[in-house]
Amino acid sequence: MASKAADGAGAGPGGLPVPLYEHVKRQIAEAILIGDMPPGTVLPGEVALATQYGVAVGTIRRALADLTAGGMLMRRRKTGTVVTGRASRHGLSFFFQYFRLLGEDGSLLQSDAEALSVRTRAAEPAAAALFAVADAEPLLHLHRIRRVAGAPVLHSRISLVASRVPEFPREAKKVPALIYRHLLEAYGIRIAAVREKVTAEVASKEDRKLLGLPAPSAVLVIDEEAYDQTGALTILSQHRATTAHHYYSNEIR
């Protein structure tokens, strides 16, 4: 299990505070998701966990209660708190599989991501200001597409500050499918908060080509800012999706 101490409630986007128990909950969830705590693992007692994470017992209790409610943990009499290997459909099990287009019946879609290109370009002033870097700072630009059962449903343009992700794959075929997870494992960058703006637009020529849409068609446009555990903007993205047979779901938990 990770033994990082959660030494304070950090800031999310816009400087909004993130509760301390959320930091602890995410660290435990991440340890489960990346396999450090496989199913059947029995967690130490609450007092020991509080010491390990450097927080109060009440904070640990709240984090464990949320993870239990989400299905990642279960309480067993005489044994304690155990990793289940299960999770709720919309819970933290999908922290690294960020994809919120659902089927018409409400089912969670299993999708495959393919990177179409990886390029490095100098940041324009607006992007530099958002990332809090100097003008012309090199940015890494990814373009990728998501498919459900082989059919394209969404394509995305994703930007990161190149210097923050050294050795990130520059070949499209080597780009990891789960970028959030790769950032955590390779660089210790934990995506802690996401801000989105959702609009609808007439599909562009590129949208129609990539998503197989007739003209005219509409697409859902999601402009996204993803922030790390320190509150710094880490990923700037735009997702363009067809909702002909899907819908977008956003939950507040």
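**Exercise 1.** In this predicted model, determine which residues of α3 are buried and where they lie around the helix axis.

*Solution.*
Step 1. Apply the cut-off for burial, under 20% relative accessible area. In α3, T59, I60, A63, L64 and L67 are buried.
Step 2. Look down the axis of α3: these buried residues fall within an arc of 125°, so they line one face of the helix.
Step 3. Identify the packing partners. The buried residues of α3 pack against α1, α2 and β1 (73-76).

**Exercise 2.** Compare the reach of α3 with the expected value, and state what follows the helix.

*Solution.*
Step 1. The helix α3 has 13 residues, and 1.5 Å a residue gives an expected 18 Å.
Step 2. From first C-alpha to last, α3 reaches 18 Å, close to that expectation.
Step 3. After α3 comes G71, with a positive phi near 95°.

**Exercise 3.** Describe the largest nonpolar core: which residues touch the most other members, and which elements give two or more residues?

*Solution.*
Step 1. The core has 18 residues, and I28 and I60 touch the most other members.
Step 2. Two or more residues come from each of α1 (20-33), α2 (46-53) and α3 (57-69). The most come from α1, which gives 5 residues.
Step 3. Leaving out residues up to four places away in sequence, I28 touches M37, Y53, L64 and L67.
Step 4. A second, separate core holds 16 residues, among them L140, L160, Y180 and A226.

**Exercise 4.** Find what sits over the ring of Y21, and count the aromatic pairs.

*Solution.*
Step 1. The charged end of R62 sits over the Y21 ring, 4.0 Å from its centre.
Step 2. The count of aromatic pairs in the structure is 0.

Definitions and conventions:
Residues are numbered from 1 along each chain as its sequence is written. This is a predicted model: local features need pLDDT of at least 70, side-chain atom pairs count only at pLDDT 80 or more; totals for chains, interfaces and linings use all residues. Side-chain values use heavy atoms; hydrogens and water are left out. Rings of Phe, Tyr and Trp (its six-membered ring) pair if their centres lie within 6.5 Å; planes under 30 degrees apart count as stacked, over 60 as edge-to-face and the rest as tilted. A charge sits over a ring if NZ of Lys or CZ of Arg is within 6 Å of the ring centre and within 35 degrees of the ring normal. A nonpolar core is a set of buried Ala, Val, Leu, Ile, Met, Phe, Trp, Tyr and Cys residues joined through side-chain atoms within 4.5 Å. Buried means under 20% relative accessible area, exposed over 50%, partly exposed in between (1.4 Å probe, protein chains only). Helices (H or I, at least four residues) and strands (E, at least two) are DSSP runs, numbered from the N terminus. Contact means heavy atoms within 4.5 Å. The expected span of a helix is 1.5 Å times one less than its number of residues. The arc is that of the directions from the helix axis to the C-beta atoms.
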